[in-house]
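Please examine the sequence and the model shown below before reading on.

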Amino acid sequence: IAEAKAHIESIAPATSAPSYDNVLWELEEASERVSRFARLIAFMESVESTPEWQKVHAQLQPEFSAFFSSIPLNEGLYRRLCALAHSSEVEKWDAVRRRHLQKNLEFFRIHGAGLDAASKARLIEIDRELAKLTAEFGSNVVEASAAFELVIEEEARLSGLPESAKTYARQRAKERGQEGYRFGLEEPLVFALLRYAEDESLRRVIWLAHQSRAKQKNLPLIERILELRMEKARLLGKKDFAELVGWDRMLKGGEQALSFLSGLESRMRPLMERERLELERFAREHGCPSLKAWDIAFWSERLRKRLYDFDEEALRPYFEAGRVLEGAFEIAHHLFGLRFVQVSGFPTWHPDVLVYEAHDEERGLLGYAYVDLFPRENKRSGAWMSPLLIGGPRPYASFVPHVAAVVANLSPPSTEGVALLLHEEVETLFHEIGHLVHQLLSQVPIPSLAGTNVAWDFVELPSQFFENFAWEPEALQGFARHYQNGEPISLELIARKRKARFFRAATAHMRQIGYAILDLELHRGARPKEGEGIDGLARRILSAFVPFEIPAEEAMVASFLHLFADPVGYAAGYYSYKWAEVLEADVWNRFAEEGILSQALGRAFRRAILERGDTAEPMELFIDFLGRPPRIDALVERLDKNAQERVP
């Protein structure tokens with residue numbers, strides 16, 4: 001940080017004529033070096049969240065934050081940028097360099113370049129505190145997850161649970177020297193209990209524990225984080241945080257995002273209501289007069305099995321984790337020319353972690369990918385892709401290989417060493433491979449514009465696009481083989497799964513819309529009523545989007561990592577998942593028409609979108625591929641069509 005500050009100070013007062021090399025590129029190099037270390041520290045704390053790493057992360061996050069906050073507040077540097085913008089040299093630049101200058105000028109203006117000295121100092125204080133609090137928020141969730149345990153001694157209480165889940169729980173107990181079955185808050189076990197356990201009391205315990213993680217510690221942090229984000233927005237001349245962060249997104253600010261979500265909600269609500277009545281009627285007929293929050297997954301699974309004669313567990317033998325990963329890599333190779341080769345001898349943070357080289361047919365080595373698939377107690381929940389080193393061509397050096405990591409919490413290996421996945425976990429893995437492909441294929445020479453450094457509501461397009469291959473027979477038959485005899489998955493089994501694909505889809509969509517609206521409301525100034533608390537406010541907002549009464553003990557917002565485990569993250573941007581679905585549905589329609597494994601189309605998608613990062617406005621990249629702007633109705637039409645076809 002000290003070296004980077006000195007580097008930046010050497011740019012600011014320079015007396016020579018400003019140029020791309022001595023201003024923009026020097027700034028890029030100085031800031032990217034610190035960015036790389038900040039990404040690595042945050043990443044290690046997420047995959048190996050020990051007290052030691054938590055301490056390192058907590059100490060350094062405020063320092064990193066203060067450093068990045070100070071850049072747009074440097075008056076000499078801002079004057080230098082403005083002088084460069086008005087120089088005749090800019091006319092000779094290519095579009096990427098002009099984009100680089102434009103983005104920096106916008107960043108400086110939106111982040112306080114015009115503030116007075118006292119306001120600049122306060123802005124740095126705010127960013128330091130936000131970095132500290134959000135790091136603490138994430139660590140609290142990991143600690144709370146690791147601290148919970150539920151030990152069941154009588155196997156009879158686990159009636160309905162798949163053998164794979166019981167085996168894993170027995171293994172977890174044995175590791176602790178315990179008798180019986182040990183359940184923590186690892187997602188595969190949580191979802192297995194909620195979906196299959198016939199004992200309602202078990203479902204209740206695990207649901208409440210999962211939905212109230214870190215409640216005591218994190219609810220006060222949320223209130224302070226929201227307060228600081230609002231203060232920051234108003235200090236920078238914006239009415240709220242949603243408007244502040246919206247400058248660099250396809251949907252600018254909270255109003256456009258809320259309007260988009262409102263349109264989706266109006267189409268989804270009647271469908272969700274139909275699904276609610278159908279599930280309630282089915283549950284009543286089978287002895288459950290009133291559905292509680294922890295009953296939904298259980299009775300949904302039973303209804304799905306009744307309607308489609310389909311058991312999710314029947315697919316597991318065909319989805320061995322290693323073969324699924326290789327299948328995703330093979331699709332990336334076929335479509336985009338990206339080949340993955342497993343390598344050994346690299347240091348990793350855990351023995352489970354695999355390392356791959358990524359090669360391009362034309363350019364050779366593009367980078368390296370770490371893959372960390374299974375849950376651990378000191379590892380954050382969820383799944384994500386992290387760019388650890390942003391590579392690509394460089395203006396004044398040879399090609400720099402990318403380094404990225406795919407992290408997930410999938411069903412772990414059994415005692416036999418075989419990890420068999422649920423189909424939804426296959427979909428999750430494909431999603432993250434989509435992000436990985438986006439990063440590795442980047443051919444942008446400027447790190448801050450490369451790979452997944454794109455508008456927050458554009459970044460999910462490649463990942464959600466890639467999920468589709470987990471549903472297509474043509475793709476599945478290439479890798480979905482029985483782990484014991486190698487027999488390929490049958491078309492009949494795929495057809496039954498596809499028929500159930502959009503079972504209760506409106507309910508799932510409404511839940512995500514609810515999360516997105518909660519996010520926007522919190523970041524546009526909504527605050528609890530008298531005696532309500534931030535968790536009460538969240539329950540009040542979310543209650544309109546779920547088909548059950550939310551218990552008073554619930555505090556999902558206290559573990560909402562997307563919003564509060566990063567100084568910005570998905571804050572005021574959670575709607576991006578829904579917006580990306582609109583883009584993805586439109587893009588997928590073209591693949592469905594011309595061939596889902598069309599190499600020509602895959603290469604066109606690579607050239608138009610995957611290689612280009614943030615070198616042009618996202619809408620321009622989208623139009624380059626489809627030849628027109630996105631059709632908002634693409635998603636609605638897909639949902640309406642599948643809602644009509646849902647009845648078996």
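How many nonpolar, polar and charged residues are in the lining of the second largest cavity? Sorted by class, this lining consists of 9 charged, 6 nonpolar and 4 polar residues. The model under discussion is a predicted one, and every value given here is computed from it.

To place this cavity in context, one may begin with the search that found it. Rolling a probe the size of a water molecule over the atoms shows where empty space is left. Across the whole structure, such a search identifies 4 cavities of 30 Å³ or more. The second largest cavity has a volume of about 180 Å³. It is lined by 19 residues, and those closest to its centre are Ser145, Leu185, Glu186, Arg376 and Glu377. Helix α6, which covers residues 117–147, makes the largest contribution to this lining, namely 4 residues.

The next step is to consider the chain that surrounds this space. The chain contains 25 helices and 9 strands. Its radius of gyration is 25 Å, close to the 26 Å that the globule rule gives for 648 residues, so the chain is as compact as a globular protein of that length. Along its principal axes, the C-alpha trace spans about 80 × 60 × 50 Å.

The contacts within the chain describe how its parts come together. Among contacts between residues at least 6 apart in sequence, 74% join residues at least 24 apart. Of the 648 residues, 59% count as buried, where a buried residue has under 20% relative accessible area. The chain exposes about 25,800 Å², and carbon and sulfur atoms supply 51% of that area.

Which residues lie nearest the centre of the second largest pocket? They are Ser164, Ala165, Pro412, Ser414 and Val418, which belong to a lining of 20 residues. The space in this pocket amounts to about 360 Å³. Two helices, α7 (163–175) and α8 (187–196), each supply at least two residues of the lining. Helix α7 gives the most, with 5 residues. By class, the pocket lining has 12 nonpolar, 5 polar and 3 charged residues.

The two linings may finally be set side by side. The second largest cavity has 9 charged and 6 nonpolar residues in its lining, whereas the second largest pocket has 3 charged and 12 nonpolar residues.

Definitions and conventions: Residues are numbered from 1 along each chain as its sequence is written. This is a predicted model: local features need pLDDT of at least 70, side-chain atom pairs count only at pLDDT 80 or more; totals for chains, interfaces and linings use all residues. Side-chain values use heavy atoms; hydrogens and water are left out. On a 1 Å grid over the protein atoms alone, a cavity is a set of points where a 1.4 Å probe fits but cannot get out, and a pocket is an open set with protein on both sides within 12 Å along at least five of seven lines; lining residues have an atom within 4 Å of a point. Grid points are joined across faces, edges and corners, and a volume is the space filled by probe spheres set on the points. Ala, Val, Leu, Ile, Met, Phe, Trp, Tyr, Cys and Pro count as nonpolar, Asp, Glu, Lys and Arg as charged, and the others, Gly among them, as polar. The radius of gyration is taken over C-alpha atoms; the globule rule is 2.2 Å times the number of residues to the power 0.38. Buried means under 20% relative accessible area, exposed over 50%, partly exposed in between (1.4 Å probe, protein chains only). Contact means heavy atoms within 4.5 Å. Accessible areas come from the Shrake-Rupley method with a 1.4 Å probe; for residues, only the protein chains shown count as cover.
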